[in-house]
Each structure stands twice: as C-alpha cells, then as structure tokens.
Amino acid sequence: MIKHIWSYVCGLSEYDYYDELDCPCNTGNPYSPPSFINNDYYCESGIDHPYYFYGNFFSSNDPLWDGQQCNGVESSCCTTPNMPWFIKTLNETVSDDIQLRVCGGDNDVYNGERFSTPLDLIELYIK
C-alpha cells in the first residue's frame, strides 16, 4: 500500500484564494488538499501579482518552498520555520521502497496557458 509522506505544491498566485489552483493554505481559500495529503505539504507560488493569466512568463525571482517572499494571502503558507525541510515521523516501521514523484507537464492547462515548475535540486535524507 502506498502511503503519502510529503508534497511540495506550486500554487497559481500569491494573491488569489478563490481558485482550486491556488494554494489551499492561502488565507480564505475554501479548497482543501486531497484527503491523502492532509496537512503534509508546503505550497507557494512564484507569481507575485494577481494577473497571472495575462501572457507566458517565467518567474525566477521567487524560488518556491523556501518560506521567503510569501506575500498577500499566501503569507499563511510560510509560517513553518523548517521550510524547505520537512520532518515526518511514521507511525510504524516500513521496509517498502520510497518513491519521489514530480507531477505536472503538458496537461497543466488553465485559461489556455500551460504551467511548468522548473526543478533544480532534490535532496532526500532518511533517518
């Protein structure tokens, strides 16, 4: 049985809270993450203005999941002092393989725009 450990989620905008593509932790957002994720996630958006759907651009000035530059309603997503690291204790000993998945790609379409999340480095430490 696959068990979820942690998710790093990319939201659509730091200033919106009414869309299912925005971070569920954005203040006022009525959407919740899927039940299997629970509260075991970090979510940030690198798009620092509400007009995210007006053209294609690459937002490289705000790296995700670092707890910095969390503006507007997204500020509630960056209150954990451990970001970008997470610590999770499992309730039982497991010997199953751990899978790391990166989700996204050409099927991420909203208002005719395609969204991508570039990834530079992943470090996974298991104790």
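Student: Which cysteine is joined to cysteine 23 by a disulfide?
Tutor: Cysteine 43, with S to S at 2.0 Å. A disulfide here is a pair of cysteine sulfur atoms within 2.5 Å. This is a predicted model: local features need pLDDT of at least 70, side-chain atom pairs count only at pLDDT 80 or more, and totals for chains, interfaces and linings use all residues. Residues are numbered from 1 along each chain as its sequence is written, and side-chain values use heavy atoms, leaving out hydrogens and water.
Student: Where do cysteine 23 and cysteine 43 sit?
Tutor: Cysteine 23 is in the loop between β1 (7-10) and β2 (41-44), and cysteine 43 is in strand β2. Strands are DSSP runs of E, at least two residues, numbered from the N terminus.
Student: Why is that disulfide called left-handed?
Tutor: The torsion about the S-S bond is about -80°, so it is left-handed.
Student: Is cysteine 23 buried or exposed?
Tutor: Buried, at 0% relative accessibility. Buried means under 20% relative accessible area, exposed over 50%, partly exposed in between (1.4 Å probe, protein chains only).
Student: How many disulfides does the structure hold?
Tutor: Three. Another joins cysteine 25 to cysteine 77, and its 110° about the S-S bond makes the link right-handed. Cysteine 70 pairs with cysteine 78, S to S 1.8 Å.
Student: Which cysteine is in no disulfide?
Tutor: Cysteine 10. The nearest cysteine sulfur, that of cysteine 43, is 7.1 Å away. Cysteine 10 is partly exposed, at 36% relative accessibility.

Definitions and conventions. Helices (H or I, at least four residues) and strands (E, at least two) are DSSP runs, numbered from the N terminus.
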